[in-house]
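Thank you all for coming.

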Amino acid sequence: RDEATGAPIPPPAGGVRPIACGEVLRKIVAKTICLQEAGRFRAHLCPDAVAGEVAAVTQVGVAVPGGVDRVVHQTRAILEA
């Protein structure tokens, strides 16, 4: 079940900005597990990266520092080529 509690936050320019936050306890537990098990996640999800082949990373969401930034820059480079 994917739920979030919404709250209207007034931005400086006026109007309303909807802000939603999932259950805080769930987020804290998930973050803690990810931090504690990062090495195991990395070994399972990115075995080539563990061996030193960083270019072989096939997923960027778990245990890959700067993974999303890497995707943005690679996509921009492809589109500009």
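Is Gly39 buried, partly exposed or exposed? Keeping in mind that what we are looking at is a predicted model, the answer is that Gly39 counts as partly exposed, because its relative accessibility is 44%, a value that lies between the 20% and 50% cut-offs. Gly39 belongs to helix H2, which covers residues 38-45, and its C-alpha is 7.3 Å from the C-alpha of Ala63, although 24 residues separate Gly39 and Ala63 in sequence.

That pair leads to the question of contacts across the chain. If we take the contacts between residues at least 6 apart in sequence, 2% of them join residues at least 24 apart.

Let me now step back to the overall layout. The protein has 4 helices and 2 strands, and, read from the N terminus, the order of these elements is β-β-α-α-α-α. Of the 81 residues in the protein, 10% are buried, and the accessible surface amounts to about 6,700 Å², with carbon and sulfur atoms accounting for 61% of that area.

In the strand part of the chain, I would point to Pro18, which sits in strand S2, residues 17-22. Pro18 is classed as exposed, because its relative accessibility is 69%, and the cut-off for that class is over 50%.

Moving on to helix H1, which spans residues 24-36, we find Val29. Val29 is partly exposed, since its relative accessible area is 41%, and together with Leu25 and Ile33 it makes a nonpolar surface patch of about 260 Å².

Next come the charged side chains. How many salt bridges does the structure hold? There is 1 salt bridge, and in it the side chains of Glu37 and Arg40 meet at 3.1 Å, N to O. On the Glu37 side, the residue is partly exposed, with a relative accessible area of 25%, whereas Arg40 counts as exposed, at 62% relative accessibility.

The mean pLDDT of the protein is 76, and 77% of the residues reach 70 or more. Where in the protein is confidence lowest, and where is it highest? Confidence is lowest in helix H3, residues 47-50, where the mean is 62, and highest in helix H4, residues 67-80, where the mean is 86. Where pLDDT is low, the predicted coordinates should not be read in detail.

Key:
Residues numbered from 1 in each chain as written. Predicted model: local features only at pLDDT ≥ 70, side-chain atom pairs only at ≥ 80, totals over all residues. Heavy atoms only, no water. Buried < 20%, exposed > 50% of the residue type's maximum accessible area, 1.4 Å probe, protein only. Contact = heavy atoms within 4.5 Å. Areas by Shrake-Rupley, 256 points an atom, 1.4 Å probe, with all protein chains shown as cover. Patch = residues over 30% accessible without salt bridge, like charges linked within 9 Å, V, L, I, M, F, W, Y side chains within 5 Å. Salt bridge = Lys/Arg side-chain N within 4 Å of Asp/Glu carboxyl O. pLDDT = per-residue confidence, 0-100.
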